[in-house]
Amino acid sequence: MTRLDISNRPETGLSAPSEPPINLAGLSRAEIAQHLSDAFALDPKKAKMRSSQLWRWIYQHGVTDFDAMTDIAKDMRAGLAAQFVVARPEVTERLVSVDGTRKYLLRLGPGVEVECVYIPDVGRAGALCVSSQVGCTLACTFCHTGTQKLVRNLTAAEIVNQVMAVKDDLEEWPSNADARRLSNIVFMGMGEPLYNLDNVSTAIDVISDGDGISISRRRITVSTSGVVPEFKRLGEETSAMLAISLHATNDPLRDVLVPINRKYKIEELLEACRNYPGASNARRITFEYVMLKDVNDSDAEARALVKLLKGIPAKINLIPFNPWPGAPYECSSWDRIEAFAEIISRAGYASPIRTPRGRDIFAACGQLKSESVKKRASEIRREAAANAN
């Protein structure tokens, strides 16, 4: 990149930096303002004004070229281009299902890749399933992602940039356009969001900001396997909708299917749901229940599920199991799923059966796994060092 000598330009006062340019895409308002203040010695008021201009160009208009930011003076644009970029993660693979679902493999850095999935005709217009970690620690036995070891948490910017990259592909700019194709965000991709709550919370702040991407917090859902101590903070900080990866009605079975249950039992989990900030009939908690043949799909378990959720403003998503290579389970028959749903519906709960989407490209629920990242970061670094010698 060509670096400019901007030492005599107004609002800058700096010579060309030797450090790599900082990527502003995905950063919060406060982070952008701080970078501008540090780079150009701006007072807080002027840094806030400049950051607001950049914010609208980056998040409302999707602009990646400082020269296109026409309400910013030319000399300031030159200074920005010398020290900053507005860059997207590299899309290393893009697959489109026969049903229109799109799966993206994004490279966030050397040896760091995640998957995210856009599903059309979900929510108001379409939903994006984003990842919060590279890999996962929970090892849920029905989930393909759980077979990939955790590499690390994603930063807030890396979470936001999944949304930005998909908006590029959907040609979803400006963000305030009337005809949206992306209306909902679901944290149901790789990883456990509540093990990365600081970054998830900051990312939600960016995604929901009305001057930018502007996706309502009521259209943002965070799915957790049950990290109970973080429920209160999630609700208070983000006002996001809550989804629980439940999948069993008794502790012995859930201990196997969702091993975090050994730490936070069903009774404790459901009590935390009853106390979730903002939960009401207008903001119901979603309980996800994967249908596993001869494992958790009997009439008795449907009745037990109804009993468990008594007093909780809830809806129940029944998820036909999506197979993956080496999976130890089979999907329940459609007749069995419908019989299970009927029992729940008669008890007064909404019980939609989630239509499998993107199975042909391994983009369905529980199928995500970045094929090229199966090693811990430390292993990658060791191999890189060995190859350099």
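# Two helices, a strand and two spaces

Ser239 sits in the loop between helix 6 and strand 11. Helices (DSSP runs of H or I, at least four residues) and strands (runs of E, at least two) are numbered from the N terminus. The structure you're looking at is a predicted model, in which local features need pLDDT of at least 70 and side-chain atom pairs count only at pLDDT 80 or more, while totals for chains, interfaces and linings use all residues. Residues are numbered from 1 along each chain as its sequence is written, and side-chain values use heavy atoms, leaving out hydrogens and water.

## The whole chain

The protein chain has eleven helices and 13 strands. Of its 389 residues, 54% are buried; that means under 20% relative accessible area, with exposed over 50% and partly exposed in between, using a 1.4 Å probe and protein chains only. Now take the contacts (heavy atoms within 4.5 Å) that have a separation of 6 or more: residues 24 or more positions apart account for 66% of them.

Helix 6 covers residues 231-238, and its buried residues are Phe231, Leu234, Gly235 and Thr238. These residues are on the same side of helix 6, because the arc they cover around the axis is only 100°. That arc is taken from the directions from the helix axis to the C-beta atoms. Lys232 and Glu236 are exposed, on the face of helix 6 turned away from its buried side.

What covers the buried residues of helix 6? Among the covering elements are helix 5 (197-208) and strand 10 (220-224), along with strand 11 (241-245) and helix 8 (266-274).

## Helix 8, a partner in the packing

Helix 8 has its own set of buried residues: Ile266, Leu269, Leu270, Ala272 and Cys273. Looking down the axis of helix 8, you'd find them within an arc of 155°, so they line one face of the helix. The cover over the buried residues of helix 8 includes helix 6 and strand 11, as well as helix 7 (251-257), strand 12 (285-291) and helix 9 (299-308).

## Strand 10, buried on both faces

Strand 10 is largely enclosed by the rest of the structure, because five of its five residues are buried. On one side you have Ile220, Val222 and Thr224, and on the other Thr221 and Ser223. Strand 10 runs parallel to strand 9 (residues 184-187), and three bridges join them; two strands pair if DSSP finds at least two bridges between them. In one of these bridges, Phe187 has Val222 of strand 10 as its partner.

Most residues other than glycine have a negative phi, and most peptide bonds are trans. Here are two non-glycine residues with a positive phi.

| Residue | Phi | Relative accessible area |
|---|---|---|
| Ala41 | about 55° | 68%, exposed |
| Ser239 | near 55° | 35%, partly exposed |

Ala41 is in the loop between helix 1 (29-40) and helix 2 (44-60). There's a peptide-bond exception to point out too: the bond from Trp173 to Pro174 is cis, with omega near -5°. Pro174 lies in the loop between helix 4 and strand 9.

A volume is the space filled by probe spheres set on the points, which are joined across faces, edges and corners.

How many cavities of 30 Å³ or more are there? The count is one. The largest cavity has a volume of about 30 Å³. Its lining includes Ala240, Met241 and Leu242, and also Tyr276, Pro277, Gly278 and Ala279. Arg283, Arg284 and Ile285 line the largest cavity as well.

The second largest pocket has a volume of about 180 Å³. Its lining includes Asn23, Ala25 and Leu27, together with Ala87, Arg88 and Pro89. Arg107, Leu108, Thr155, Ala157, Glu158 and Asn161 also belong to the lining of that pocket. Strand 4 (102-109) and helix 4 (156-170) each bring at least two residues to this lining, and helix 4 gives the most, with three.

Definitions and conventions
1 Å grid on protein atoms, 1.4 Å probe; cavity = no way out; pocket = protein on both sides within 12 Å on 5 of 7 lines; lining within 4 Å.
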